[in-house]
Amino acid sequence: MLKQQLQFKLSQKLSPQQIQLMKLIQLPTQAFEQRLKQELEENPALEKGKESADNDLDADLNNDADDYGDSDSINAEDINVDEYLSDDEIPDYRTQANNYSGDDDEKTIPYAAGTSFTQHLINQLNTYRLTDDERDIAEFLVGSVDESGYIRRSLSDIMDDLAFTQNVYTTEDSIEKVLKIVHQLDPAGVGARNLQECLSIQLHRKEKNADTDLAIQIIDGAFDAFTKKHYKKLLSKFDITEAQLKDAISEIEHLNPKPGGSYSGNNRIVEHVVPDFAIKIVDGELELTLNGRNAPELHVSREYNNMLKGYKDAKDKSKSQKDAVLFIKQKLDAAKWFIEAIKQRQQTLFVTMSAIMHYQKDYFLTGDERQLKPMILKDIADEIDMDVSTVSRVANSKYVDTPYGTKLIKEFFSESMKNDQGEDVSTREIKKILETVIEEENKRKPLTDEALAKILKEKGYPIARRTVAKYREQLDIPVARLRKKI
């Protein structure tokens, strides 16, 4: 049975302009420049650079889109062309003061150039006398080397892939033989299947002496004991003194566990961090500036203005002219909204970072991480009367240049914990103290998590052993046994 009924409900929908603004806010400087370039290419009504005063175009549209409706459903006669052509006043987006450094002239992004890591290895293969099958296997092995310099696949998998993809039918023994040739390539250790093999290859390539010979014996014959730092077992197994073991371990520590990372021209794109903000200390006060690359000068195309004038002055308006004015209206709307979104993006970024800077004023004046206050996204959102998601978009992808280095903004956020005085302190402060204690410990007898928890409690931070373990792991510090040195 069919039945009709009325249902009322409230719903909140984001307009396309709001979505565009949110997407722009979360972009860091370099990605924003790419987005700007894309918009300039796609919208001919938008142009970059300054426009002369006598050519000012007031592209301010009524913010209510209902005045014009969708371009698909309006008639050309319904468009008030005068609203696009008015030159009574300079549009407000032309008078906005941009907060950026005037000497920020670095507009291009440098990229690493050169031969790829794979090609570098193939070029070396050309110096070896190989059969056709051996060359195919060698090139396949080189192509299987990852960015760290390892081949992390079994020989049986490689044998199957050679048969299916290269039509090369071979055996594991033949692949092993060619792999020995790959192991002779530079950098030393490339093509290894695991860390033990990588270190062994490098040691066998070094000039032989008592230290390297002992190091080879340790890596090849007692790798497990070495990684677990069971030094007493090593001393007993090889019947050596502590001094001899220390020299051998020193040889091993000077090896490269990631030989691929040492090649500057490998396939990885080199990331260049461009700070979105800069904080300086001027006369004892903090000064915040927004990177000039976030504040481009944009204006609406003068040619589009002339097109609208031509349409307005024409006595006989053809269908093609009407279609053209609908297209022009759409592009002018998009240009105006994009300019407005960029202006709002600048304001949002500056207001948010300014609130963070003032909240963490003690840290920015001293650079001491122990001065960081507990701060969560909601603290800043309440301060600037914006949504938590907006603050998150700014914090997660933006960098700030400070007198103490370039920092990711989200690093300034941390949870709070009470000290023995009942005061809220930042977990970052506790981590910094924990890091300092570990740095100053006796490496022959590293402190256990239980001992670290006791020391922190004496310093006024009563936290449990499991919490110490969690913070230690977040700081990427190994357990006591693996921090041991002889």
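**Notes on the sheet and some salt bridges**

1. Let's start with the sheet: four strands make an open one, in the order β3-β2-β5-β6 with mixed pairing. Strands here are DSSP runs of E, at least two residues, and helices are runs of H or I, at least four, all numbered from the N terminus; two strands pair if DSSP finds at least two bridges between them. β3 (285–290) and β6 (405–408) sit at the edges with a single partner strand each, so one side of each has no neighbour in the sheet.

2. A word on where this comes from: it's a predicted model, where local features need pLDDT of at least 70 and side-chain atom pairs count only at pLDDT 80 or more, while totals for chains, interfaces and linings use all residues. Residues are numbered from 1 along each chain as its sequence is written, and side-chain values use heavy atoms, leaving out hydrogens and water.

3. Look at β5 (residues 399–402) next: four bridges pair β5 with β6 in the antiparallel sense. Val-400 faces Lys-407 of β6 there.

4. How many salt bridges does a search of the whole structure find? There are 18, counting a side-chain nitrogen of Lys or Arg within 4 Å of a carboxyl oxygen of Asp or Glu.

5. One of them joins Lys-361 and Glu-285 (3.9 Å, N to O). Lys-361 belongs to helix α16 (residues 361–366) and Glu-285 to strand β3, so this pair ties together parts 76 residues apart in sequence.

6. Glu-139 and Arg-135 also form a salt bridge, at 3.6 Å, N to O. Both are in helix α6 (residues 132–143), four residues apart, or about one turn of the helix.
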